[in-house]
Amino acid sequence: MNYIDEEIIELKKIKRNQEYRDIRGDGIFIHDHLTRFVPNVIFEQLELYLPEDFIKMPDEFAALKYPSVNRPQKILTSLDGRTNFAFNLFTETPVPAEDVDKLAKKMKTMLQHSNPSLVFEWEESGVLSDSRLVEMFDYRSYGVDEKLYNMMCFASFPCGILHGIFNCLESEAEQWQGAAWQVFLSLRELEKAAN
């Protein structure tokens with residue numbers, strides 16, 4: 001292929017990626033594959049958009065990937081198991097919405113102290129559709145044989161504190177980072193059914 005053909009292909013990819021960049025719309029291109037996102041209910045009270053082809057991680061794989069007995073309560077994974085969204089809902093210890101940023105900073109500090117090799121890059125606050133705040137930070141870590149990209153979020157709801165986790169191979173981080181942040185921003189509490 002000559003240089004002009006490669007340039008045209010790259011320009012087409014850029015244009016396509018600009019058109020497909022909303023998880024609530026037609027989806028996002030990740031690794032030249034259109035990834036569609038659909039609403040998913042978690043913990044029977046919260047909803048967010050997740051990739052439609054993600055599945056519940058089988059228990060035997062969850063035990064290997066998250067060996068702690070405190071592994072996330074809900075783990076959804078890509079079919080190849082390389083990309084994961086996981087969630088915990090903490091209902092015992094309520095945290096006021098205005099203190100979610102302190103909780104996120106405390107978790108980040110705990111991670112830094114327990115593993116000084118982690119590389120933290122950015123942290124950000126976002127606003128959910130119902131005006132609740134969501135706090136997020138990301139970091140890079142080492143897996144068994146590859147570097148990993150991780151993102152965490154925290155949001156306070158009347159039903160409890162949601163702790164969201166995203167991870168993928170570091171080599172795929174650029175492809176997933178924006179989509180993962182949009183997933184966390186899509187969080188919302190389901191309306192209670194009328195009695």
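These notebook entries record what I looked up in a predicted model of one protein chain.

**Entry 1. Overall make-up**

I began with the secondary structure and found four helices and 13 strands in the chain. I then turned to burial: of the 195 residues of the chain, 41% count as buried. For contacts between residues at least 6 apart in sequence, I noted that 50% join residues at least 24 apart.

**Entry 2. The sheet of three strands**

I looked up an open sheet of three strands and read its order as β4-β5-β13, with antiparallel pairing. β4 (37-42) and β13 (188-189) each have a single partner strand, so they stand at the edges, and one side of each has no neighbour in the sheet. I followed the pairing of β4 with β5 (residues 46-51), which is antiparallel and runs over six bridges. Within this pairing, Ile42 stands opposite Leu46 of β5.

I next asked which helix packs on this sheet. It is α4 (residues 173-185), which touches β4 and β5. The direction of α4 makes about 160° with that of β5.

**Entry 3. Glu47**

I stopped at Glu47, which has its place in strand β5. Is Glu47 buried or exposed? Its relative accessible area is 15%, and residues under 20% count as buried, so Glu47 is buried. Leaving out residues up to four places away in sequence, I listed its contacts as Pro39, Asn40, Val41, Ser186, Leu187, Arg188 and Leu190.

**Entry 4. The sheet of seven strands**

I traced a second open sheet, in which seven strands follow the order β6-β7-β8-β12-β11-β10-β9 with antiparallel pairing. Its edge strands are β6 (55-56) and β9 (119-127), each of which pairs on one side only.

I then went through some of its strand pairs:

- β6 pairs with β7 (residues 74-77) in the antiparallel sense over two bridges, and Lys56 stands opposite Leu76 in β7.
- β7 and β8 are antiparallel and pair over four bridges; the bridge partner of Lys74 in β8 is Phe87.
- β11 and β12 run antiparallel and are joined by ten bridges; Ser156 has Ile161 of β12 as its bridge partner.

**Entry 5. The nonpolar cores**

I examined the largest nonpolar core, which has 35 residues. Which of them touch the most other members? They are Phe85, Phe87, Leu162, Phe166, Trp176 and Phe184. The elements that give two or more residues to this core are β2 (27-30), β4, β5, β8 (84-90), β10 (133-142), β11 (147-157), β12 (160-169) and α4. I noted that α4 provides the largest share, seven residues.

Apart from residues up to four places away in sequence, Phe85 touches Leu50, Pro51, Phe54, Lys74, Ile75, Leu76, Ile165, Phe166, Trp176, Ala180, Val183 and Phe184. I also found another core lying apart from the largest one; it has eleven residues, among them Val100, Leu111, Phe137 and Phe154. As background to this entry, I recorded that nonpolar side chains tend to be buried together in soluble globular proteins.

**Entry 6. The largest pocket**

I looked up the largest pocket and recorded about 850 Å³ of space in it. Its lining is made up of 29 residues, of which Lys65, Tyr66, Tyr139, Asn150 and Asn167 lie nearest the centre of the pocket. The elements giving two or more residues to this lining are α2 (59-65), β8, α3 (100-114), β10, β11 and β12. β12 gives the most, with four residues.

**Entry 7. Gln112**

My last entry concerns Gln112, which lies in helix α3. I read its relative accessibility as 35%, and Gln112 therefore counts as partly exposed.

Terms used:
Residues are numbered from 1 along each chain as its sequence is written. This is a predicted model: local features need pLDDT of at least 70, side-chain atom pairs count only at pLDDT 80 or more; totals for chains, interfaces and linings use all residues. Side-chain values use heavy atoms; hydrogens and water are left out. Two strands pair if DSSP finds at least two bridges between them. Contact means heavy atoms within 4.5 Å. Axes are lines fitted to C-alpha atoms, for helices over the stretch in contact, and angles run from 0 to 180 degrees between N-to-C directions. A nonpolar core is a set of buried Ala, Val, Leu, Ile, Met, Phe, Trp, Tyr and Cys residues joined through side-chain atoms within 4.5 Å. Buried means under 20% relative accessible area, exposed over 50%, partly exposed in between (1.4 Å probe, protein chains only). On a 1 Å grid over the protein atoms alone, a cavity is a set of points where a 1.4 Å probe fits but cannot get out, and a pocket is an open set with protein on both sides within 12 Å along at least five of seven lines; lining residues have an atom within 4 Å of a point. Grid points are joined across faces, edges and corners, and a volume is the space filled by probe spheres set on the points.
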